[in-house]
Amino acid sequence: GDTTYRTEIQKWRADREARLKADGGWLTVAGLFWLKDGPNRFGSAPDNDIVLPASVAARAGVLDFRAGRTTVSLDPGVSGAIEGKPVVNGQELQPDSKDVVSFGRVTLQVIKRQDRVGVRMKDLDSKARREFKGLHWFPIKESYRVTARWVAYPTPQAVPIANVLGQVTDFPSPGYAEFTLDGKKLRLDPVIEEPGDQELFFVFRDQTSAKETYGAGRFLYAAMPQNGTISLDFNKAY
């Protein structure tokens, strides 16, 4: 009934908040630096190419970026670890992998976005994490859980989606969901984010976008359609 449903949504919302606050969560992301060809020096001193929080040595080391490959070397006396093992100077870091270099509470991970290679820095003591006051949610409305008609495309269609860097990537959309909400007939085209995903990803805008919610849009995941229908629960939009 209504109470069970409300409890389910409250639990889902609490879990999302817990993931944000977790050690590796998005609140710990404290910087993104694009690598230039050759040596990129890092450390907490302000004249480094990559300036890290004060908990890291002033001169910590260098990320060498050549011919699309990134290697890491640490300065004498600086200790860092990758998956619990001490960093070996000249060690290659594969982008978007478990090759995460940690200096106590600060970590560096090489990421590749189309033709750009950068470093994502996370800090367990980031300002965003320390000052996080919790998420604000709209009231739960059971009418926002809808069963939509699912129409599959004969072949997946490409849907262009921009990321925060303004880069646009085509994602495959296997079909569209059609439903009625507040008396209006609506249609949304979801995409599959990663090959093999077992859920669909919807990006949409509504009248709250850029006013009460994030300007770029709102996000919703849904289980794969079954027998020509798909369940969309807008109480889980974020």
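**View 1. The β9–β10 hairpin, with G104 in its turn.** Two residues sit between β9 and β10 in this hairpin, and G104 in the turn has a positive phi of about 60°. What you're looking at is a predicted model, where local features need pLDDT of at least 70, side-chain atom pairs count only at pLDDT 80 or more, and totals for chains, interfaces and linings use all residues. Numbering starts from 1 along each chain as its sequence is written, and side-chain values use heavy atoms, with hydrogens and water left out. Strands here are DSSP runs (E, at least two residues) and are numbered from the N terminus, as are helices (H or I, at least four). Two strands pair if DSSP finds at least two bridges between them. β9 and β10 run antiparallel and are joined by four bridges, with S102 standing opposite T107 in β10. β9 also has strand β6 (residues 81-82) as an antiparallel partner, through two bridges; there, A81 stands opposite S102.

**View 2. The two faces of β9.** V101 and F103 make up the covered face of this strand, while V100 and S102 are on the uncovered one. As a general rule, side chains in a regular strand alternate between the two faces of the sheet.

**View 3. The largest nonpolar core.** A nonpolar core is a set of buried Ala, Val, Leu, Ile, Met, Phe, Trp, Tyr and Cys residues joined through side-chain atoms within 4.5 Å. Buried means under 20% relative accessible area, exposed means over 50%, and partly exposed is in between (1.4 Å probe, protein chains only). This core has 23 residues, and F42, I50, L63 and F103 touch the most other members. At least two core residues come from each of β4 (61-66), β5 (69-74), β9 (100-103), β10 (106-113) and β11 (116-123). Apart from this one lies another core, of 16 residues, including L181, L188, F202 and A222. Zooming in on L63, and skipping neighbours within four places in sequence, its contacts (heavy atoms within 4.5 Å) are L35, G38, P39, N40, F42, I50, T70, T71, V72, L93 and V119.

**View 4. A five-stranded open sheet.** The strand order is β3-β2-β4-β5-β8, and the pairing is mixed. β3 (50-51) and β8 (91-92) are the edge strands, each pairing on one side only. Strand β2 (residues 38-43) runs parallel to β3, and two bridges join them. For G43, the bridge partner in β3 is V51.

**View 5. Aromatic pairs across the chain.** Rings of Phe, Tyr and Trp (its six-membered ring) pair if their centres lie within 6.5 Å; planes under 30 degrees apart count as stacked, over 60 as edge-to-face and the rest as tilted. The whole structure has nine such pairs. One of them is F42 with F103: the ring centres are 5.8 Å apart and the planes at 55°, so it's a tilted pair. It links distant parts of the chain, with F42 in strand β2 and F103 in strand β9, 61 residues apart. Both F42 and F103 are buried. For Y153 and Y176 the centres are 5.8 Å apart and the planes at 55°, so that pair is tilted. Y153 is in strand β12 (residues 145-162) and Y176 in strand β13 (residues 168-181), 23 residues apart; both are buried.

**View 6. Rings in a cluster, and charges over rings.** F201, Y214, F219, Y221 and Y238 are linked into a cluster by ring pairs. A charge sits over a ring if NZ of Lys or CZ of Arg is within 6 Å of the ring centre and within 35 degrees of the ring normal. The charged end of R16 does this over the Y238 ring, 3.8 Å from its centre. Elsewhere, R116 lies over the face of W34, at 4.0 Å from the ring centre.

View 7. F204 lies in strand β15 and counts as buried because its relative accessibility is 11%. Beyond four places in sequence, F204 is in contact with L188, G217, R218, L220, F234 and A237. F204 and A237 are 33 residues apart in sequence, with 9.5 Å from C-alpha to C-alpha. S209 is in the loop between β15 (199-204) and β16 (218-223), and at 4% relative accessibility it counts as buried. S209 touches Y214, G217 and R218, leaving out residues up to four places away in sequence.

View 8. A67 isn't a glycine, yet its phi is positive, near 50°. A67 lies in the loop between β4 and β5, and is exposed at 82% relative accessibility. N227, also not a glycine, has a positive phi of about 50°. N227 lies in the loop between β16 and β17 (229-233) and is exposed, with a relative accessible area of 82%.
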